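Here are my notes on the model you sent over, as numbered points. Have a look at the metal site before you read on.

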Amino acid sequence: MLLSFHGAAQNVTGSCHLVECGGTRILIDCGLYQGGREMAEENRNNFGFDPASIDYLLLTHAHLDHCGRIPLLHRLGFRGTILTTAATRELARLVLLDSARIQEEEARYRNYKASKRRNQQPVEPLYDTLDALNCLDGFIDIAAFGQPHELGSGIRATFYEAGHILGSGCILLELSENGRQRRVLFSGDLGYDGRAILPDPAPPPRADVVVMESTYGDRLHKRLQPSVEELYRAINTTIDRNGNVLIPSFALERTQELLYYLREGIEQQRLPHHLPVYLDSPMAITATQIFRSHRECFDEETWEVITAGRDPFDLPGLHITRDTAESMALKHVHGAVIIAGSGMCTGGRIRHHLRHNLWREEASVVFVGYAAQGTLARRIINGEEVVRVLQDEVEVNAEIHTIGGFSAHADQKELLAWHARTGTPDLTVLVHGEPEAMHLLAGRLQGTSVETPSLHQSLAI
Ligand code: ZN
């Protein structure tokens, strides 16, 4: 039995792990590398295996860094079954079609630039919309969390709630080869207890080998409740002075969490009853609809909201602006909350709202997610006085808030607690983390040998 690591090896993107057992080849995730030109180029390198040789792909969740290379895998010959939850399948459809559109646009832009120079070879998109549509035919839903699926030749796969985003799962593989049995558990990305909308991560099953994410293996989170308080305070003070509150947000999970907390704030009379809130992201609007149709993924508190006859994501003053014209008209609003993508302000409609609001003293920008180095979000957070937004130099006079408590990942303490419940695995493999975070987490894991494989490394198990 062999485990190989073809992504998220000593970094946080491009998750892709290969399991070989008794002639069956199973991939766990097939994510896109993200973050800058260099990482994007890694997507064009060899997978490290033949895509046509893969029998199954088990998908932990619909984030792009876990599913974003599936259309490419299909383009290069993969025709196996993709097993995941129904919610992940639907979210992945949205994410992959959006990603294909971005790949096509990028290639068009680079070719346009290249056309001005001589001897430049045209660039092909990494994959296109047709590849995304084709790969979607391979998806099959699991029956339920906790229920084993036979993959043939003595291999069984079972998904467990991961509490990270809607539909996310950890995956246990029960392998058997020449009379030898091994239980291999993949954490996927792990959430933590007490988050809005999602149930707590399920207690993990006992395993011999654990492949675990380590994104925040070196730190502890801020608590969630003080972050919610901070959000309400930022909104109230900005609305009081008739300014707009801009919230750059990720379309999946973070936006729905925000709507959930805004609704709670209004119901508890901690926010104005008719607070105007504009949801100005077509992708987030569709994602919210997918959330609504997958109630089976909700936690008890969200179900209480539903059984009381309310919609967890609706507000009295919510405006959905799908059309570009409606979005453009928002430059005339005052005293409103505007939620738009992208989360790091590298694209999307948020840039237009920043151009119209950043220079206003009465406005504020609330960052609720991760902002990578070099992004517009990071430059604003770092306190730059003038930033370039859509070809314009804009002064930053608005009030800037960075609220750090809305993470979707378990922190060091939560990772250790989850790991402790897997029994005493003889091997723990750390993936999906920066070397520093992995190193610190590895030092805290006891009673197990720890590996931090490099890209394309294989381990016999
Ligand atoms: Zn994730």
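1. What is the geometry at the zinc ion, given the angles among its four donor atoms? The site is irregular, with those angles running from 92 to 166°. As a reference point, ideal angles are 109.5 degrees for four tetrahedral donors.

2. A word on provenance before going further. This is a predicted model, in which local features need pLDDT of at least 70 and side-chain atom pairs count only at pLDDT 80 or more, while totals for chains, interfaces and linings use all residues. Residues are numbered from 1 along each chain as its sequence is written, and side-chain values use heavy atoms, with hydrogens and water left out.

3. The donors themselves are His61 (NE2), His63 (ND1), His164 (NE2) and Asp189 (OD), coordinating the zinc ion at 2.2 to 2.3 Å. Along the chain, the donors follow the spacing H-x1-H-x100-H-x24-D. His164 and Asp189 link distant parts of the chain: His164 sits in the loop between strand E8 (155-161) and strand E9 (169-177), and Asp189, 25 residues apart from it, in the loop between strand E10 (180-186) and strand E11 (209-213). Donors here are N, O and S atoms within 2.8 Å of the metal (3.2 Å for Na, K and Ca); water is not among the atoms, so the site may look incomplete. Helices (H or I, at least four residues) and strands (E, at least two) are DSSP runs numbered from the N terminus.

4. The cut-offs are under 20% relative accessible area for buried, over 50% for exposed and partly exposed in between, using a 1.4 Å probe and protein chains only.

5. E9 and E10 pair in the antiparallel sense over seven bridges, where pairing requires at least two DSSP bridges between two strands. The two strands form a hairpin with two residues between them, and Asn178 in the turn has a positive phi of about 50°. Glu174 stands opposite Arg183 in E10. On the E11 side, E10 runs parallel and is joined by three bridges, with Phe186 having Val211 in E11 as its bridge partner. E10 is mostly covered, as five of its seven residues are buried.

6. The protein chain divides into domain 1 (2-219 + 408-460) and domain 2 (224-406), with bounds that come from an automatic or database domain assignment. Their C-alpha centres lie 29 Å apart. The contact (heavy atoms within 4.5 Å) takes 21 residues from domain 1 and 22 residues from domain 2.

7. How much area is buried between domain 1 and domain 2? About 1800 Å², and carbon and sulfur atoms give 69% of that. Buried area is the accessible area (1.4 Å probe) that two parts lose on being put together, summed over both. Leu94, Leu166 and Ile197 supply 37% of what domain 1 buries against domain 2, more than any other three residues.

8. Leu59 is in the loop between strand E4 (56-58) and helix H2 (64-67). Leu59 counts as buried because its relative accessible area is 0%. Leaving aside residues up to four places away in sequence, Leu59 touches a list of residues including Leu83, Phe139, Phe159 and Ile171. Ala86 is in helix H4 (residues 86-114) and, with the same exclusion, touches Asp141 and His294.

9. Finally, some backbone features to check. The peptide bond from Gly341 to Ser342 is cis, with omega near 5°, and Ser342 is found in the loop between strand E15 (337-340) and helix H11 (350-357). Ala8 has a positive phi near 50° and is buried at 0% relative accessibility. Ser153 also has a positive phi, near 40°, but is partly exposed, with a relative accessible area of 48%.

Methods:
Four donors count as tetrahedral if all angles lie between 85 and 135 degrees; four count as square planar and six as octahedral if opposite donors are over 155 degrees apart and all others between 65 and 115; anything else is irregular.
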